[in-house]
Amino acid sequence: MQFHHHGYVSGDPRVQPAAGVGLDRPEELPDEVDVLIVGAGPAGMIAAAQLSQFPDVTTRIVDRREGRLAIGQADGIQARSVETFQAFGFAGRIAEEAYRITEMCFWHPDPTDPSRIVRGERPPDDPRGISEFPHLIVNQARVLDYFAEYMASSPSRMVPDYGYEFRGLERFDDHVDVTLERTGRSKVVRAKYVLGADGARSRVRSAIGCTMEGNSAFHAWGVMDVLAVTDFPDIRLKCAIQSGAGGSILLIPREGGHLFRMYVDLGEVDPDSHHEVRDTTIEQIVARAQAILHPYTLDVRHVAWHSVYEVGHRLTDRFDDVPVEEHVDGHAARTPRVFIAGDACHTHSAKAGQGMNVSMQDGFNLAWKLGYVLTGRSPESLLATYSAERQVVAQNLIDFDKEWSTLMAKTPEELGDPGLLAEFYVRTTEFLFGFMTQYAPSMVVAEPTHQALATGFPVGKRFKSAPVVRVADANPLHLGHQHRADGRWRVYAFADRYASALGAWAERLAGSLARERVFDVKVVYQQRHADVDIAAVPELFLPRTGPFQLVDYERVFAAHPDDDIFELRGVDRAGCVVVVRPDQYVAAVLPLDAADELVAFLRQFLLDR
């Protein structure tokens, strides 16, 4: 974290100086805004948090609740989300209070007595070392709290506006009129753009005519967060439990050392039962869990929360207000004004732990693009990439969840091989951790023409961090962990062996990459940090900052002696450039002698100012 460059800071350095709309932020919801976000869930809050870094953009987020969420239904935090939390500055703090998953146990019917369950496979949670970040379990409400803290400490001083119910909207060419209701009174807010992150029953989705398509698996599950006394030995481990008597449990230990969640299989649902299964009582769910756990006992002492749901897989036909018939050659014929994200776009089972995680990436993807358009950095055509990118991700999620939830619901006889569930879990870890997303070429993702120069940084996938050493102070750290959610693009220049090509590249692009609010340019040398002459580093990587024009020394790195990033990520020793989007996805890999190609790529989405 960098501070003091505007003068001495004696307070919390995480609280950024107020700027722009944060200097005189009205307490009451104004009549006109740039962005109105409806719904203060994970998708809405991360979008608001990212937009809070654009103090020239008036963003407000409204929610029908009267205050912060107290108990959240989602709790699984995949490694990709923790990586994202790192960009927002709270990965370490939330990890300290969360439960960390390190192993998963699979229980099966005892072959000698199928009425009893026995432990089977016990694979590590991340057997291939996919991520340096942990897989966490923590209440969704705490995730929202951290985003709220980030927003309030941002230059925009943003806080949610609670108690507003969405009633409808009217779209015009250059704005949207949104009707809200609070304490029986209506209010119309004029917004340039609207994001509907208002859940599975989204009214914003209905208002723009999007349709949810899919089906029900006609299978029900009871879910409960409980405090209990049990002799089941793996109560503090994530478990998939299959009983010989029929039925399964997915056991998820919760934060705090005592609470745990159980997804309890309630069996097939009659399509003509008019959802009677939803009337299942907590006593019936507990009794079902007790039967599945035999011969172990379960004495539930307190129920913090419970629900019953029927597995369904549904996906909206689009993520914005441009109808499918108004697309030409796959591109929207007009600028979208209203967007939807999260559960408003995709619903599925909760057992894969993907809902909140994918929803947050929806919001992250859209927010920086709105910020760039509204500050005049990018053309409005950038906004069409949101639906194009996230629709594919959501479809992949639906396809995966169908397979996972189907396997979880099978009886031991239907499953056949008792190790099949564990094998599927290990084989699909990269997807479960949130790292399979790969965006197709577009105005913000280049063709992978030069992918061979950095094979470990696939174009379109998230930038996979690796250890480096900061030259100025000899500190070992992770390169990707320095990427903050400040709305800037990262340009990583990997030096050639003698840095001659690097010098020519830096001189050629000094003017193009000097936009401090747009680019964060860093260099990684192949030598040990002690062998890098800081005086010979091009000025592009030692920019002046703040009113005193102080030198920023924290953009110059060297390969780590034990974990050489050039070897770990397949970076060519002739050097290359890796361009990374504000949402941490690799946008381009280019050679050091392709300065003109980099400029041409940037001009696809950046306007000259």
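Trainee: Starting with Asp596: buried or exposed?
Mentor: Asp596 counts as exposed, since its relative accessibility is 53% and the cut-off for that word is over 50%. Keep in mind that this is a predicted model.

Trainee: Which residue does Asp596 form a salt bridge with?
Mentor: Asp596 pairs with Arg508, and their closest N and O atoms are 2.4 Å apart. The pair links distant parts of the chain, 88 residues apart. Arg508 belongs to helix H12 (residues 500-509), and Asp596 belongs to helix H14 (residues 595-602).

Trainee: And how does Arg508 count for accessibility?
Mentor: Arg508 is partly exposed, with a relative accessibility of 40%.

Trainee: How many salt bridges does a search of the whole structure find?
Mentor: The search gives 46 salt bridges. One of them joins Arg573 to Glu567, with 3.6 Å between the closest N and O atoms. Arg573 is partly exposed at 26%, whereas Glu567 is exposed at 62%.

Trainee: What about Arg318, which residue does its side chain meet in a salt bridge?
Mentor: The partner of Arg318 is Asp317, at 3.5 Å from N to O. Arg318 is buried, with a relative accessible area of 7%, while Asp317 is partly exposed at 25%.

Trainee: Which residues are linked in a network of salt bridges?
Mentor: The network links Asp486, Arg488, Arg490, Glu516, Asp520, Lys522, Asp552 and Arg555.

Trainee: Changing topic: what does the domain assignment of the chain give?
Mentor: The assignment gives domain 1 (32-70 + 139-211 + 314-401), domain 2 (216-311) and domain 3 (451-604).

Trainee: How far apart do the C-alpha centres of domain 1 and domain 3 lie?
Mentor: Those centres are 32 Å apart. The contact takes 13 residues from domain 1 and 13 residues from domain 3. About 1,100 Å² is buried between the two domains, and carbon and sulfur atoms give 45% of that area.

Trainee: How many salt bridges cross that interface?
Mentor: The rule finds two salt bridges between domain 1 and domain 3. Seven residue pairs are in polar contact between these domains. On the side of domain 1 that touches domain 3, helix H7 (residues 355-374) gives the most, with six residues.

Trainee: I also see Asp56. Which residue does Asp56 form a salt bridge with?
Mentor: Asp56 forms a salt bridge with Arg517, where the closest N and O atoms are 3.2 Å apart.

Trainee: On to helix H10 (residues 420-427). Which of its residues are buried?
Mentor: The buried residues of H10 are Leu421, Ala422, Phe424 and Tyr425. They cover an arc of only 160 degrees around the axis, so they are on the same side of H10.

Trainee: Why do residues three or four places apart point the same way in an α-helix?
Mentor: Because an α-helix has 3.6 residues a turn.

Trainee: Now the backbone. What sort of peptide bond joins His294 and Pro295?
Mentor: That bond is cis, with omega about 15 degrees. Most peptide bonds are trans. Pro295 is in the loop between helix H6 (282-292) and strand E16 (298-316).

Trainee: And phi of Arg157, positive or negative?
Mentor: Phi of Arg157 is positive, near 55 degrees, and Arg157 is not a glycine. Most residues other than glycine have a negative phi. Arg157 is found in the loop between helix H4 (140-152) and strand E8 (161-162), and counts as partly exposed at 24% relative accessibility.
Mentor: Gln549 also has a positive phi, of about 55 degrees, although Gln549 is not a glycine. Gln549 lies in the loop between strand E25 (544-545) and strand E26 (550-551) and is partly exposed, at 44%.

Trainee: Last one: where is Met158, and is Met158 buried or exposed?
Mentor: Met158 is in the loop between H4 and E8. Met158 counts as buried, with a relative accessibility of 2%. Leaving out residues up to four places away in sequence, Met158 touches Arg25, Ala48, Leu51, Ser52, Thr59, Ala148, Met151 and Ala152.

Conventions. Residues numbered from 1 in each chain as written. Predicted model: local features only at pLDDT ≥ 70, side-chain atom pairs only at ≥ 80, totals over all residues. Heavy atoms only, no water. Buried < 20%, exposed > 50% of the residue type's maximum accessible area, 1.4 Å probe, protein only. Helix = DSSP H or I, 4+ residues; strand = E, 2+ residues; numbered from the N terminus. Arc of directions from axis to C-beta. Domains from an automatic or database assignment. Contact = heavy atoms within 4.5 Å. Buried area = accessible area lost by both parts, 1.4 Å probe. Salt bridge = Lys/Arg side-chain N within 4 Å of Asp/Glu carboxyl O. Polar contact = N/O pair within 3.5 Å; in protein donor to acceptor, adjacent residues only side chain to side chain.
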